[in-house]
Amino acid sequence: MPAMVWSLVGFLLLLHLYSTLHKTDKVEETRLQLSHHSFQELLAVEEENIQIPPPRGRRSPRAAKRRPKRKTTLIDEFLDENSQIRHVFFPDHRSAIDPTKDTGNDSSYYFPGRMWLDTEGNPIQAHGGGVMYDPHSKMYYWYGEYKDGPTFIASKGLARVDVIGVGCYSSKDLWTWKNEGIVLSANEANETHDLHKSNVLERPKVIYNEKTGKYVMWMHIDDANYTKASVGVAVSDYPTGPFDYVYSKRPHGFESRDMTIFKDDDGMAYLVYSSEDNSELHVGPLTEDYLDVTHVVKRILVGQHREAPALFKHDKTYYMITSGCTGWAPNEALAHAAESIMGPWETMGNPCIGGSKMFQLTTFFAQGTFVLPLAGLPASFIFMADRWNLADLRDSRYVWLPLIVGGPADWPLEYNFVGYPPFHHPLKPIFQVELVGYRLDSMPVPAPIEGEMPRGKAGFGLPQSLCEVAYLPATGVRNGII
């Protein structure tokens, strides 16, 4: 194991020893962390013996459709734009994250679900996106759906915003983001164009091709009725665009909806997409120029009805986080693992910990979109997710959570992850997600330059407490589906 990984293991073991010797202090620290009023309120409404307050005035038809004669649930409250606790899920602008201002302790914290402002003071518009680190400019680039338009109900009762384009933001520290503009714009004149505003553009992802020197964007392209079910490809000479739209197609002749691309250590890139009415996922390599798929494709997670795939790799093992298929409503994430990206893949269970059972069953009221490796912090990643606001999609929020991978198979810990079945072989921790706001200056920030760790509080840190861990079998894949 590399020296950096052993260093992380040693650090975690020290934390474990400290937490054992100072258990009382840890309980008090946890109470202090949970003292934030929003989380107190959320935890309170989830107690079985406390009634969720009845709505004032008319109830949202979106929530009403999901509520046949039964007790109102927290998911109903989340979907109801008239809910009395809506501010808990979507705090207003007064609590917005503004990295350009230093107004006290809150400026050093990232709180999932709050408005996140760019350097111009505007809410970031990069929904369903992903982050690429560019070694040439030594910058991070965040690409996503630019939804700064009115939400309306389209055919089939789906909430949507006219296509505006793909937004791009740049940052050196993953904390302060500069708006680089719309790098792939909608086509308002040609109604037959894939990028016409009446169509659908979702989940854009960008990777760099060292052989061609091009930045290549893949995205989900669809019509208003979601019957086109295709991928689209665009290309640029620069990470900030403009990107030239190339074409759309159904990869390998199959429907493609929620999708992502993954670039491996050897430079090979892969497309992963939901297909066959979202009943399964398909995975296949891209061509050397990243502009098309090859003829090779494998069916994975057949019959599991998963979407929103987000892939990452650690220690020669591939991991993937997916969501269920419930439209804009939040649902339970699942973790999957494989020794080869082409499979077989094994479904391991819900990776979420922390908070209450409802938080875990709804992925903290969010849907995953991307997993970002943290340069300079071994076995550490950021799980990027969207908290969709179907009443006003431009006001959808970002939920970025720490994702920890690491530790030897026989790493002794006294903590158990509730919800995983009891395995009869050594356990290996996969990752941890915490929903409490955590300090951005509590640990070194990710280094844009290899081997260099920048100083100062600006950046994306990890929570100081690393004692809660979710476990997967160390033996890896057994019975994945192809």
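Select residues 165–171, strand β6 of this predicted model. The strand is mostly covered, with seven of its seven residues buried.

Stay on β6 and pick Cys168, which lies in this strand. Is Cys168 buried or exposed? Its relative accessibility is 0%, so Cys168 counts as buried, the cut-off being under 20%. Now show what surrounds Cys168. Setting aside neighbours within four places in sequence, the residues in contact with Cys168 are Tyr141, Trp142, Tyr143, Lys178, Asn179, Glu180, Gly181, Val183 and Pro239. For a distance check, take Lys178: from Cys168 to Lys178 is 10 residues in sequence and 8.5 Å in space, C-alpha to C-alpha.

Which strands form it, and in what order? It is an open sheet of four strands, ordered β2-β3-β6-β7, with antiparallel pairing. The edges are β2 (127–134) and β7 (178–185); each has a single partner strand, so one side of each is left without a neighbour in the sheet. From one strand to the next, the twist averages 25°.

Strand β3 covers residues 139–145 and pairs with β2 in the antiparallel sense over six bridges. To find one of these positions, select His127, whose bridge partner in β3 is Glu145. The pairing of β3 with β6 is antiparallel and runs over six bridges.

Continue to β7. Six bridges join β6 and β7, again in the antiparallel sense. Select Gly167 to see its bridge partner in β7, Ile182.

In the largest, which has 37 residues, Phe89, Phe312, Phe365, Val371, Phe383 and Leu403 touch the most other members. Elements that each supply at least two residues of this core include α5 (74–79), α6 (86–89), β16 (307–314) and β21 (380–387). The largest share, four residues, comes from α5.

As the last stop, select Ile124, Tyr169, Leu374 and Leu377, which are among the 21 residues of a second, separate core. In soluble globular proteins, nonpolar side chains tend to be buried together.

Technical notes:
Residues numbered from 1 in each chain as written. Predicted model: local features only at pLDDT ≥ 70, side-chain atom pairs only at ≥ 80, totals over all residues. Heavy atoms only, no water. Pairing = 2+ DSSP bridges. Axes fitted to C-alpha atoms, helices over the stretch in contact; angles between N-to-C directions. Core = buried A, V, L, I, M, F, W, Y, C linked by side-chain atoms within 4.5 Å. Buried < 20%, exposed > 50% of the residue type's maximum accessible area, 1.4 Å probe, protein only. Contact = heavy atoms within 4.5 Å.
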